[in-house]
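Please keep the sequence and the structure in view while reading.

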Amino acid sequence: MDQENQTMVTEFYFSDFPPFEKGSLLFFILLLFIYMFIIVGNFIIFLAVRLDVRLHNPMYNFISIFSFLEIWYTTVTIPKMLSNLVSEQKTITLVGCLLQMYFFHSLGVTEGLVLTVMAIDRYVAICNPLRYAVIMTPRLCIQLSSGSCIFGFLMLLPEIVWISTLPFCGPNQIHQLFCDFEPVLSLACTDTSMILVEDVIHAISILTSISVITLSYLRIITVILRIPSGESRRKAFSTCAAHVTIFLLFFGSVTLMYLRFSVTFPPLMDKAIALMFAVLAPFFNPIIYSLRNKDMKEAIEKMFCSQKMFSVSGN
């Protein structure tokens, strides 16, 4: 009988989504707009970098990879949120929940590593410009990009495999907007203290990335302040400002969510923080990289003008 109870739960219920008749349609329309903007905006950035030869350099290559990851990062969670806003069931299978956690966090870790690589790239470009082309070779860029992806997807695998072996015998209500480690593990009918080991590993990786990025930009700022030309100094600051903004949005919300240790937040604030790094940070990514970057704006305009000319000539 105990064994039956332990294998009873095969799906989870998202209990915190409002019923359809209580205004969830408004949230659905807003979230759908944000999701479409994220997909289209990041895809435009990715395409502009690939099509414009002027942007075929390490910095824009990493930006395009980050934008590509943002598309899949949001696709893992937002479509299910949209479904929960208009569906009466609001459920997800255990396998679906595990897959959502795995891909969401794997893509998140990969994005964090790409942001770290971007900071290192800017550090070399500004602090050691004469050797930049020698250091940041196309081969090294490929190695850094592929290494970030491989490490990001391998790091979470042991944790997900371990969670898949845990018994879930009820209750099955997830008090979060998507499947995440803490809400899911709280439903397990066994001791989950082993997760502390993984939590320490995650904390070390997050803090390492934050430290590398912070130290890189502190060094960059000191070098920029020594540039005699006001125009060159302004351009260097403008280039780094977009990266720093994305870094603060991404790692700020991640730190609040996963590095708070014993600090607990009210449920509403928990969900606000989750929305910040799962929805709002990806939403601002295309805005920041397209509006604050002259080369990117010109590449996007060129891409649309070329498409328009092609359509006219075709007619």
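Contact here means that heavy atoms lie within 4.5 Å of each other. The model is predicted.

**Disulfide C97–C179**

- C97 is joined to C179 by a disulfide with an S to S distance of 2.1 Å.
- This pair links distant parts of the chain, 82 residues apart: C97 belongs to helix α5 (residues 94-127), whereas C179 sits in the loop between β3 (173-174) and α9 (181-185).
- The link of C97 and C179 is left-handed, with -125° about the S-S bond.
- Buried or exposed, how are C97 and C179 classed? Both C97 and C179 are buried.

**Disulfide C169–C189**

- A disulfide is also formed by C169 and C189, whose sulfur atoms are 1.9 Å apart.
- The two cysteines are 20 residues apart and link distant parts of the chain; C169 lies in the loop between α8 (157-164) and β3, and C189 in the loop between α9 and α10 (195-225).
- Because the torsion about the S-S bond of C169 and C189 is about -125°, this disulfide is left-handed.
- C169 has a relative accessibility of 27% and therefore counts as partly exposed.
- C189 has a relative accessible area of 28%, so it is partly exposed.

**Pairing order and the cysteines C141 and C149**

- When the bonded cysteines of the protein chain are numbered in sequence order, the pairing reads 1-3, 2-4.
- C141 takes part in no disulfide, and the nearest cysteine sulfur, belonging to C149, is 13 Å away.
- C141 is buried because its relative accessible area is 5%, and buried means under 20%.
- C149 counts as partly exposed because its relative accessibility is 26%.

**Helices α3 and α7**

- Helix α3 (residues 58-75) packs against helix α7 (residues 138-155) with axes 11 Å apart and an angle of about 20°.
- The two helices are therefore roughly parallel, because angles under 35 degrees are counted in that class.
- The crossing of α3 and α7 is right-handed.
- On the α3 side, P58, N61, F62 and I65 take part in the contact, meeting C141, L144 and S145 of α7.
- By class, the residues of this contact of α3 with α7 comprise five nonpolar, two polar and no charged.

**Helices α2 and α4**

- The axes of helix α2 (residues 24-51) and helix α4 (residues 78-86) cross at roughly 160° and come within 9 Å.
- α2 and α4 are therefore roughly antiparallel to each other, because angles over 145 degrees fall in that class.
- α2 passes α4 in a left-handed crossing.
- Which residues of α2 and α4 meet? From α2 they are S24, F27, F28, L31, L32, Y35 and I38, and from α4 they are I78, P79, M81, L82, L85 and V86.
- The contact of α2 with α4 contains 12 nonpolar residues, one polar residue and no charged residues.

Methods. Residues numbered from 1 in each chain as written. Predicted model: local features only at pLDDT ≥ 70, side-chain atom pairs only at ≥ 80, totals over all residues. Heavy atoms only, no water. Disulfide = S-S within 2.5 Å. Helix = DSSP H or I, 4+ residues; strand = E, 2+ residues; numbered from the N terminus. Buried < 20%, exposed > 50% of the residue type's maximum accessible area, 1.4 Å probe, protein only. Axes fitted to C-alpha atoms, helices over the stretch in contact; angles between N-to-C directions. Parallel < 35°, antiparallel > 145°, perpendicular 65-115°, else oblique. Left-handed = near helix turned anticlockwise from the far one by under 90°. Nonpolar A, V, L, I, M, F, W, Y, C, P; charged D, E, K, R; others polar.
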